[in-house]
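Colleague: Could you take me through one part of this model closely, beginning with a single loop residue and what surrounds it? After that, I would like to hear about the sheet and the cavity.

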Amino acid sequence: MRVLITGGYGFIGSHVAEQFYKEGYEIHIIDNLSTGHRENITFKHKAHIISITDPKCKEIFAANRFDFVIHLAAQISVARSIQNPIYDAEANIIGLLNMLQFSQQSNVRKFIFASSAAIYGNNTNLPLTEHETPLPIAPYGVSKWVGEQYCSNWAAQHDLDAVCFRLSNVFGPRQTSEGEGGVVATFITKALQNETVEIYGNGEQTRDFIYVKDVAHAIFRATQSFITGTYNLSTNIQTSVNQLVQVLQAQGYTLKTTYTQAREGDIMHSSLSNEKIKTELDWVPKYSIEESLIKTYEWGFETFNHRTLKVKNSPKTTKIPAWALGVKPYLENSVIFLVISLFLWQLRLPTMSIFVFGVFYIMTIGSIYGNKQAFTGGVLAFSLLVADYLSRGRELISLLYDSTFLFQIVTFLFIGLVVGYSVQRKNEKITEQNEQIHELQMRYDFLEEVHAEVRDVKDELQYRVKNNEDSFGKIHSIMKTLDQLEPEKIFTSAVNVIESVMHCEDVAIYIFNSEQSYLWLIAHSDLDKSEAITNSLKVDESPFVQQLLTTEQPFINRTLVAQAPLMAAPIYYDNNIQAIITIGKMPFENFSHYHENLFLVLKELIQSSLARAFEFIKVSEDQRFIKNTAVLKIDAFKEVLAAKQQAQTIHHMPYHVLTLQVAPYHLQQTAYQIQHLIRETDYLGYDNQQLFILFSNLQTQDLPVILQRFQQAGFNFSLDQQVSYL
């Protein structure tokens, strides 16, 4: 499965990427490296160095078809958002809209958006719950709140599952002092550099600090669940600045502090309630403030020593000032002209030769350096020509009346301007074309990269189609197997499909009675191999069933609770839970997120097939049932009986048929009375004055009890297991 993490080279993004990588995901990262660092990611991944506001991101989505998108890329500085709110809006709103739009078009399964506690502003109703009215102070908080509204809108309008996490003060390894929560990074950096930590106010101001690995774990868990909406992601614990210092000092770390005047506008206390996420996601923060601070300090200590050693061992380089680079062409021009002029001066060439040299020099220097140096060359040539005239006894004033001299000067100027202008135009044109070539090359490289990814995906899909048991051929086989219009046949086929695809045992399908107080077994695995399958479940005595009914979400037994299946999922019809599918046993290595998702996919296929079958039965009631009764006509009864016979052959699921002589004019009343003595999983059929009762999943040893019950009600049924004449 593929996950895209925007801002994946950043502080939080790199930890989230690590979490998904450990779970076996294919990692893709979009990052423009404005604050992120490539060295934060050391494992295999696919990098897309591009801004989230760039329309070319669409091609990345189209080429890869991501399952999940984790949107962490953002402008994270509150101060910068105040100084430049337009940039903040472009990064945090336009970038988000890009990702939402492309995610919707690519049918992304879930979109996670990193919001912030900054949306609450100065609210003092601690701990802050998700129901508090957002009152952001800075543009940063405004943009995050607007982002939540866009996610909510996309979820409602475009059916895109979106989760918004309002992060409290996140800290941990790889964090810089920028953005929210940077106080921990600042303290540790100061301590490592043996500098004094400046604490504003009395240090009793508190924040809700959460370790970055807890955040990464929660984000991953959210992609594996069915939660949507907005959640605080926090510890719900207030930790003061003084406590941070005390924890670090208690571990023996040197930390010098000084207290200064409190900053105007600072919030004194802050904490976010995490009850909602604990209840709905079953998540709690794992790391204490002490443990996470120690881990962060140890990382900082190792990183600081590594950088110090690198600086000591790196060769010293001398940087040339910018002004020196600008003076260099003028210096070269003057030196070259001076050397050549001295040489010509020694030769005592005629004035016309000096003039010709000046013209040649202006053209040459202009061709090399452009219009600025062509003008400088003209000035130098003019100086040399004047010096030559003066050396020959001419007066400076008389030169102003000499037409030859004036012509020579105009020629210098004209040639300098023409050559300089032409060369400048040529250079500008070359620069423009180089920029276009560079842009086209970048475009080509990007498309080549996308094309290479598409080829890789194509090759991978072809390999899976040929070699993987979960190939399209297998999916086609599943669809054909479930392509039935008789629910009983679908139940039997569903058990076969789940067993073969999931490599599991003890698969069972139960249906609810009309009051939803009991579940009756309707289909199951081979009884000779099954151990934990029961014929009925009482809802009040089955916590996992109660959880299914309450949450209306699949049950995954991650804690291995006794007397509960490993996996269970509800089957819906007409917006109500009609049945559940359970898996009781599977190899330990198969109890993974991959198989959980596979189970849910199979459940959706089964649910779709059953819905189609139920709709068919609903519209064909006149053809299936005898009028004004719940008794099947003989053709429909034969279909059900054939399905039971198939289930008995494949899974050894028992069934029995009882018969009773009933005249046609007594059928309606008799059927009504008998219907109250049988289960929802049993069937009535009628043909040639014979009323048949087909008992599903009824053991032979239970028959005497059933027959006695009917005798007490005044009915004398006879057993007709084979029903050969049908």
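**A loop residue and its surroundings**

Modeller: Setting aside the neighbours within four places in sequence, Val-108 is in contact with Phe-66, Asp-67, Phe-68, Val-69, Ser-103 and Leu-160. The model is a predicted one, and in it Val-108 sits in the loop that runs between helix H4 (85-105) and strand E5 (110-116). With a relative accessible area of 7%, Val-108 is buried, since the cut-off for that word is under 20%. Asp-161 lies 53 residues away from Val-108 along the chain, yet the C-alpha atoms of the two are separated by 8.4 Å.

Turning to the sheet, six strands make up an open arrangement in the order E16-E15-E14-E19-E18-E17, with antiparallel pairing. Strand E16 (536-538) and strand E17 (555-556) are at the edges and have a single partner strand each, so one side of each is left without a neighbour in the sheet. Strand E14 (residues 505-512) and strand E19 (residues 576-585) run antiparallel and are joined by six bridges; Tyr-510 has Ile-580 in E19 as its bridge partner. Helix H18 (residues 543-551) lies across E14, strand E15 (518-524), E16, E17, strand E18 (567-573) and E19, and runs at about 140 degrees to E19.

As for the cavity, a search of the whole structure finds one of 30 Å³ or more, and the largest cavity holds about 40 Å³ of space. Its lining consists of Leu-344, Trp-345, Arg-348, Leu-349, Ile-354, Asp-388 and Arg-392, which by class gives four nonpolar, no polar and three charged residues.

Notes
Residues numbered from 1 in each chain as written. Predicted model: local features only at pLDDT ≥ 70, side-chain atom pairs only at ≥ 80, totals over all residues. Heavy atoms only, no water. Pairing = 2+ DSSP bridges. Helix = DSSP H or I, 4+ residues; strand = E, 2+ residues; numbered from the N terminus. Contact = heavy atoms within 4.5 Å. Axes fitted to C-alpha atoms, helices over the stretch in contact; angles between N-to-C directions. 1 Å grid on protein atoms, 1.4 Å probe; cavity = no way out; pocket = protein on both sides within 12 Å on 5 of 7 lines; lining within 4 Å. Points joined across faces, edges and corners; volume = space filled by probe spheres on them. Nonpolar A, V, L, I, M, F, W, Y, C, P; charged D, E, K, R; others polar. Buried < 20%, exposed > 50% of the residue type's maximum accessible area, 1.4 Å probe, protein only.
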